[in-house]
Amino acid sequence: MNIVGKSINRVDGISKVTGEAIYPQDIYFLGGMLYGKTLRSSRAHANIEIDTLSAEQIEGVVKILTYKDVVGKNHHGVVIKDHEVFCSKKVRRIGEPLAFVVAESEAIAENALKKIIVKYDELEGIFDPVAALRENSPKVHGVSNEISLFKVRKGDVEAAFKDCDIIVENEYRTSMQDHVFLQPEAGAACLEWDGTIVIMVATQYPHFDRKEIAEAMGMSEQRIKVINPAVGGAFGGREDITMQIHLAMATYLTGKPVKAIYSREESFLAHSKRHPFIMKYKTGANKDGKLMAMQADLITDAGAHASWSINVARKAGVHATGPYEIPNVSINSRAVYTNNPFTGAMRGFGVTQVAIAYEQQMDLLAEKLSMNPVEFRRKNMFRVNSTTATGQILKESVPLDKCINEIEKHIVECQLLHKKNIKEDYIKIGRGIATSFYGTGYGNGFKDESKVVVALRNDGKIIIYTGATEVGQGAKTVLAQIAAEVFNLAIDFVEIINEDTSITPDSGTAAASRQTYNTGGAIKIASQKLKEKICEIAMRFLGIKSIEEIKIEKGIVTAKSNPENSLCLGKIAEIAKKPLQEEGIFVAETTEMDKKTGQGSPYWPYTFSACYAEVAVDTRIGTVEIINSSLAQDVGRAINPMLVEGQMDGGYAMGVGFALFEDINLKNGIMKNDNFAKYIIPTSRDMIDVKNIIVEDFETSAPYGAKGVGEPVMIPVAPAILNAIYDAVGVRVEDLPVTPDKLLKKIKKAEAKERCI
């Protein structure tokens, strides 16, 4: 490989570090620009009446949009259309959009918001997903709060538990987590000369946004153009619509450009959150350490709108066993409406949560069996030809053993070379491991397709048109490397165009760790087709009889037997006298699962990972310090190792936040921690130099063997930390995050119990 496997600098890196990259809030110079501000509900559940008359009289207010101004369908939603563009009669959470003020300045718009009168007729709210399932609970939508129930049934669980020598049962809870991307939502919209509405906004899926905007506007998609400027982080939080339709309506009705920027507090209100889960687990093994049975009941809080909850609950159910062979499995995974903030896609997509449960169950079983936790996992882990709980046979690229082996090497290194000299007896050292697996793509038989067009330009450059968005993960670089490898070109001669829906094909969302695999696969297909076409033209012009005699290197097409007989790629584009381009389509492998049993092959490929964490717990104050750690991640093949390590560092930091810090502090639908003064995330002082270990195990269906890594790198981090805490102090905090007060309370309780004994 000449390009693939090389740590090439990001193609968008220089523009971002120099400040030249244009983010949505950097769009200033549109003539006659107006400014928009959103009025949001202050009640969690209420019937409403809105009076905008006083606000409309304020000088400088141009227009106030409400549901009455929606000429198309007053709804949107990624799976179920249960969001309203503007609430018409009822609000279901705090932060629902009620009106959009368009004014000559931000200050005027802000002042007008205060003059809008909203009458609330409050309704009883429901904030506990378990209580929401009761028949007499207040209903958020329709007649039931249960959005979906996903089941997995394999073997005979009840009979298997009777044969188990060891059984552990526990309940685990994870918290609602914000994406806290660096760039809050911002955007601008304007009209082109022909009436096309242009919306410039950071998003993960511009083609789907265009569809939702068009539906709300009552227009064809051809009249809508979504431009995706630089994106300051996403992690799933930019998959749902926020301001896109509001901006489109505003510019269309006023005829002028309109811009909006959310504050950090409004960003917390506007976008989705990570699903909190309540997970009841019962897991059994025989005396030899072989897993026999597992039963799991999972309930996730969707909040007021479904977003991706059906899919998140399903993916959690598919992965609820962890990467372990268990012959008898029963899983129920429910998504439930409440009047809490709505929850959607976030890094790990339901698998991050269940790993908290299944990995602690593994350690508990190993302890009861007096087995080394590493060996216990080895005895039960997936290998090639293993069968998952959904009955899927894993046919290739299952390198969990390699991941564990690499972690184990690091554990030995730590014990030999990095022993921390702890003199204080109140500092306790603990070590923990965790493993995980993660299915790529949409899953469950959904058509997971990416389309691209690869073209040869007259200057000899390869141009790739794709809807795959660059959200900070390095897509532009990795996708360019795949094409550059096919054409044996330096990456400088490949350009990715992915910002404009009017000229790019739909490549699906930048989510589910699918872009390298899916869109990379489509680019490889299209590039190989175009390369063949280029070679055919070169054969005729150079008088060569076979494609096998042609060599392409550094933009020059030559005859292998006579290097002087050559053409540059630009000349071939001229000779063709018509655009030289090819379309590539890649469709991921997936089947729809049986609705009663959950049997099927929902995802392919899977990635595997393992994490080791060593922590120091201060038993006086309950703080946890990570002092050593390693993360081994299966990537298939690393297209760009440096970017893979960047994903591993970022995923690790998010895992630390999930385990130890991040808490919305939700009370009756109100987010108490809605800014960075209250919502605590890890800083550089909380991070260490984690040993990143890239594990390569070629995946034949992938472009050059590469799997996606954006999401799986986070999944094993938090459970490894939790297992290390237990190893240090002998207590488990089953309710995340493990804040000092929670841990200290557990430690004190355990000490009191020991004194009594």
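Reply: Let's start with Y606, which is buried with a relative accessible area of 1%. Here buried means under 20% relative accessible area, exposed means over 50%, and partly exposed is anything in between, using a 1.4 Å probe and protein chains only. W604 counts as buried too, at 7% relative accessibility.

Before going on, keep in mind that this is a predicted model: local features need pLDDT of at least 70, side-chain atom pairs count only at pLDDT 80 or more, and totals for chains, interfaces and linings use all residues. Residues are numbered from 1 along each chain as its sequence is written, and side-chain values use heavy atoms, with hydrogens and water left out.

Now the rings. Ring pairs link F382, F437, Y603, W604, Y606 and F608 into a cluster. Rings of Phe, Tyr and Trp (its six-membered ring) pair if their centres lie within 6.5 Å; planes under 30 degrees apart are stacked, over 60 edge-to-face, and the rest tilted. By that rule there are 12 aromatic pairs. One of them joins W308 and F349: the ring centres are 6.4 Å apart and the planes sit at 65°, so this pair is edge-to-face. W308 is in the loop between β14 and α9 (309-318), while F349 is in the loop between β15 (328-337) and α10 (351-368), so the pair ties together parts 41 residues apart in sequence. Those element names come from DSSP runs numbered from the N terminus: helices are H or I with at least four residues, strands are E with at least two. W308 is buried at 16% relative accessible area, and so is F349 at 13%.

D301 touches F127, P129, M176, H275, P276, V336, T338, N340 and T343, leaving out residues up to four places away in sequence; touching means heavy atoms within 4.5 Å. With T338, its side chain makes a side-chain polar contact at 2.7 Å. That term means a pair of N or O atoms within 3.5 Å; within protein, one must be able to donate a hydrogen and the other to accept it, and residues adjacent in sequence count only if both atoms are side-chain atoms.
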